Amino acid sequence: MTGVSRIPTPVTRLLGIDLPVVQAGMSWASSCSALPLTVSEAGGLGVVAAGPMRLDDLARTLDEMAAGTDRPWAVNLPINRAGADDVIDLLLARRPPVLIASQGGPRRYLERFRAIGTVCLHVVAGVEHARKAADAGVDGLVVVGAEAGGHPPPSMVTTQVLIRAVVSAVPETPVIASGGIADGSGLAAMLALGAGAAQFGTRFLATREATVHPDYQAAVLAAGVDGTRTVGHGLGVIRALENEFTARMRRLEESGAEIDVRRKEFQAATLRDAALYGRVLEGKVEAGQSAGLIDTVLPAAAVVERIVAEYRAALTRLPLPVVAEPPDL
């Protein structure tokens, strides 16, 4: 760890981490060990993105995580990915400290991972799914609001509103807030809303350890807070930086083009092309609205330190608690 003091919350106690800072499992950007290892060593929760990884690459990365830190770390698994059952078998053999599952129901995996001592978090984007996951017995929730990059909720409910709704609906379940959070002020706001931690995606995308093309990172740094678009409605909506691909998709959507036409255009562009090869005009440059709050690529450990410093500074700006005046004598 980098020497910062702890910020205890229900989520840090659940996960055994020092800071309520979770690095999002970002396809290609954290399909490696370098970024998650650094974040975990800095006191947060580093997350390996298993979604796009081949089994042998994932096995090697899990071994690197286990050998590289004695701090908790996580694997993010979209359980609707091709070959998910083989990935689950591999994870059960490697016993990750934390599993963050998405895009499917928790009953498919929960009992088996609970049996080996893995803490199980489930990603949700609405109150109904939060209740179902909590009722199924997950240990905690990652709640994603509309500002998030990648796959925001189709309802487009903002993070601020969604966190309050979920915390009220499942008050006994620890919650990690995700979407539009890039700094310590955002972390303070999410804790004030009742979350126990914040998940940072786009902020860690712009780090030296993230395994994405420099042109992808440059596009993130150049974006304003209004520089993203949601496209793919009816096909699995994504939030990505505005480029030639999103412009074509928006024209098709606004003109009422048939879904097969839209699907062909949507599938022709890939996140892989943008992330690995820097094709930022034609590819899916997935990023959140918080891109407009980020202006530099930093080492991941420095990002964690900065978030904590900003969080503490944010607390000093809050008014002091009101103390009742003593009664007149």
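Select E254 to begin: with 62% relative accessibility, E254 counts as exposed. Keep in mind as you click around that this is a predicted model.

The R250 and E254 side chains form a salt bridge, 3.6 Å from N to O. Both sit in helix 11 (residues 244–254), four residues apart, so about one helical turn separates them. R250 is partly exposed, at a relative accessible area of 30%.

Next stop, helix 12 (residues 259–268): pick D260 and R263, which are three residues apart there, again about one helical turn. Their closest N and O atoms are 2.8 Å apart, and the two make a salt bridge. D260 is exposed at 55% relative accessibility, while R263 is partly exposed at 31%.

Select D139 and R114, whose side chains meet in a salt bridge with an N to O distance of 2.9 Å. D139 is in the loop between helix 6 (127–136) and strand 6 (140–144), and R114 is in helix 5 (residues 110–115), so this pair ties together parts 25 residues apart in sequence. Is D139 buried or exposed? D139 is buried, at 19% relative accessibility, since the cut-off for buried is under 20%.

Notes: Residues are numbered from 1 along each chain as its sequence is written. This is a predicted model: local features need pLDDT of at least 70, side-chain atom pairs count only at pLDDT 80 or more; totals for chains, interfaces and linings use all residues. Side-chain values use heavy atoms; hydrogens and water are left out. A salt bridge is a side-chain nitrogen of Lys or Arg within 4 Å of a carboxyl oxygen of Asp or Glu. Helices (H or I, at least four residues) and strands (E, at least two) are DSSP runs, numbered from the N terminus. Buried means under 20% relative accessible area, exposed over 50%, partly exposed in between (1.4 Å probe, protein chains only).
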